[in-house]
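Good morning, and thank you for joining.

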Amino acid sequence: MDAAAPSGGLALAGLPDALSRVVPGPELLKHASRAADRAVTKFNTGQGGQHRSMGFRAGLAFEAEFVAEACAARMPTEDAAAVFITAVLEYLSAELIELGGNTTPPVADGSGDEARVALPSLLVAIRDDEELAATFGKRLAELGLPQTGP
């Protein structure tokens with residue numbers, strides 16, 4: 001995990017363009033890009049402290065080191081590129097969980113337990129959201145999971 005990737009490695013410069021080819025929806029792309037830009041800016045300015053994890057320094061809940069290690073197994077990777085990818089994954093995860101939670105029925109047994117977002121709720125959320133369906137629908141169909149969106 002190098003701060004600057006040698007030539008041929010994964011660099012921050014090409015990621016926004018790559019993201020626009022992977023995430024077809026304009027709103028989803030705009031918000032994911034904005035979240036990634038904020039994280040990279042915070043990471044690069046060192047606001048989180050030098051002795052903290054990359055994810056913490058970028059203001060993320062997800063650990064960017066995991067992404068950096070996974071990427072580095074295939075190619076040299078800039079730390080900022082790992083932060084960018086981690087921020088996009090975190091944003092998309094939060095969006096899926098929020099929309100999945102909206103389709104999850106409340107617990108009716110009166111026990112006070114909170115409802116859990118399960119796979120069926122996530123699939124409904126993806127199917128019902130045009131941009132998420134365009135982003136993930138084809139892959140879900142390849143995996144054999146039910147899909148009724150585009």
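The largest nonpolar core comprises 34 residues, and Met54, Val83, Phe84 and Val88 have the most contacts inside it. A nonpolar core here is a set of buried Ala, Val, Leu, Ile, Met, Phe, Trp, Tyr and Cys residues joined through side-chain atoms within 4.5 Å; buried means under 20% relative accessible area with a 1.4 Å probe, protein chains only. At least two core residues come from each of α1 (15-22), α2 (26-45), α4 (64-72), α5 (79-103), α6 (119-128) and α7 (130-142), helices being DSSP runs of H or I, at least four residues, numbered from the N terminus. The most is given by α5, with 11 residues.

This is a predicted model: local features need pLDDT of at least 70, side-chain atom pairs count only at pLDDT 80 or more, and totals for chains, interfaces and linings use all residues. Residues are numbered from 1 along each chain as its sequence is written, and side-chain values use heavy atoms, with hydrogens and water left out.

Which residues does Val83 touch, not counting residues up to four places away in sequence? They are Ala39, Val40, Phe43, Met54, Ala58, Leu60 and Ala64, contact meaning heavy atoms within 4.5 Å.

I turn to α4. Its buried residues are Ala64, Glu65, Val67, Ala68 and Cys71. They lie on the same side of α4, because they cover an arc of only 160° around the axis, taken from the directions from the helix axis to the C-beta atoms. Their cover includes α3 (54-57) and α5.

Methods
Buried means under 20% relative accessible area, exposed over 50%, partly exposed in between (1.4 Å probe, protein chains only).
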